[in-house]
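Please open the model in your viewer and keep the selection tool at hand.

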Amino acid sequence: MSKTTGFGADLARAAGSGGAAPFPPSETGGNGARGARRLRQTGGERGGENGARFGAPGLDAEAVIARLEEAGATLLALPQRGYSTRLRMGALEIVRAASEAYGWEGNTRLRPPVPSAAQITRMDEAFAWLGLIPDERYVLRRILAARALTHPLTGRHLYPWRRLGTALGADHKAIQRWHREAVGLLVAALAGR
């Protein structure tokens, strides 16, 4: 690091030579979710032009699915706070073992990291795309929204094809076909904007 350039300039130069980030930064800054699929660029657009703005050109079906799955993982990673119907215990807990003295329990659940503000903004943008599907095709919108919900730590879909088929009373192959049709409608609507 030289005295004439700042630390941030050296980092920007080093990051620029290392390759592209998995998801280009949105208008608010930051990169996409860790572990999500890499967006494929179809045109000459780079950086903020590749999906950061609503209806940006260059999004193909795979990129739309990746953005929706990233949005679903972000939604499920949000902390669940606020009022709930769970019963509260009025008595103090008794420490029964030394390993429990500092809140350590052997069977604790892993929680995903809290999403950043940029990830929440990208989630809002991606879920706003669902409004582009016409109201008379609400079943396609439901399939797309349910299939977008992926576990933030494992990346597995919360609703596999067969479970969606059972819920909607259709064959899982028909659900896959309707999902492709919904993604096609979404890509066409985003390209038209």
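Burial is described here by relative accessible area: buried means under 20%, exposed means over 50%, and partly exposed lies in between, with a 1.4 Å probe and protein chains only. The model is predicted, so local features need pLDDT of at least 70 and side-chain atom pairs count only at pLDDT 80 or more, while totals for chains, interfaces and linings use all residues. Residues are numbered from 1 along each chain as its sequence is written, and side-chain values use heavy atoms, with hydrogens and water left out.

**Stop 1: the whole chain**

Display the chain as a cartoon. It contains six helices and zero strands, and from the N terminus on the elements run α-α-α-α-α-α. Helices (H or I, at least four residues) and strands (E, at least two) are DSSP runs, numbered from the N terminus. Of the 193 residues in the chain, 29% are buried.

**Stop 2: the nonpolar core**

Select L59, V64, L68, W129, L144, L186 and L190. In the largest nonpolar core, which has 18 residues, these seven touch the most other members. Two or more residues of this core are contributed by each of helix 2 (61-77), helix 3 (117-128), helix 4 (138-148) and helix 6. A nonpolar core is a set of buried Ala, Val, Leu, Ile, Met, Phe, Trp, Tyr and Cys residues joined through side-chain atoms within 4.5 Å. In soluble globular proteins, nonpolar side chains tend to be buried together.

**Stop 3: the salt bridges**

How many salt bridges does the structure hold? There are four, a salt bridge being a side-chain nitrogen of Lys or Arg within 4 Å of a carboxyl oxygen of Asp or Glu. Three of them are visited here.

Select E70 and R122 to begin. These residues form a salt bridge whose closest N and O atoms are 3.2 Å apart. Because E70 lies in helix 2 and R122 in helix 3, the pair ties together parts that are 52 residues apart in sequence. Are these two residues buried or exposed? Both E70 and R122 are buried.

Then select D135 and R141, which are joined by a salt bridge of 3.1 Å, N to O. D135 counts as exposed because its relative accessible area is 60%; R141, at 22%, is partly exposed. Side chains of opposite charge can pair when their charged atoms come close.

**Stop 4: the surface patches**

Switch to a surface display and select R162, K173, R177 and R180, which form a positive surface patch. Patches are made of residues with over 30% relative accessible area and no salt bridge, like charges being joined within 9 Å and nonpolar side chains (Val, Leu, Ile, Met, Phe, Trp, Tyr) within 5 Å. Lys and Arg count as positive and Asp and Glu as negative, whereas His and the chain ends are not counted. The largest share of the positive patch, three residues, comes from helix 6 (residues 172-192). R177 is found in helix 6 and is partly exposed, with a relative accessible area of 46%.

Now select L76, L158 and Y159, which make a nonpolar surface patch of about 210 Å². Accessible areas come from the Shrake-Rupley method with a 1.4 Å probe; for residues, only the protein chains shown count as cover. Y159 is located in the loop between helix 4 and helix 5 (161-168).

**Stop 5**

Select A73 and H151. Their C-alpha atoms are separated by 5.6 Å, although the residues are 78 apart along the chain. A73 belongs to helix 2 and counts as buried, at 15% relative accessibility.

Continue to P112 and T154, which are 42 residues apart in sequence and 9.8 Å apart in space, C-alpha to C-alpha. P112 occupies the loop between helix 2 and helix 3 and is partly exposed, with a relative accessible area of 22%.

Finish with L185 and L130, 55 residues apart in sequence and 10.0 Å apart in space, C-alpha to C-alpha. L185 is part of helix 6 and is partly exposed, at 31% relative accessibility.

Key. Charge placed at Lys NZ, Arg CZ, Asp CG, Glu CD.
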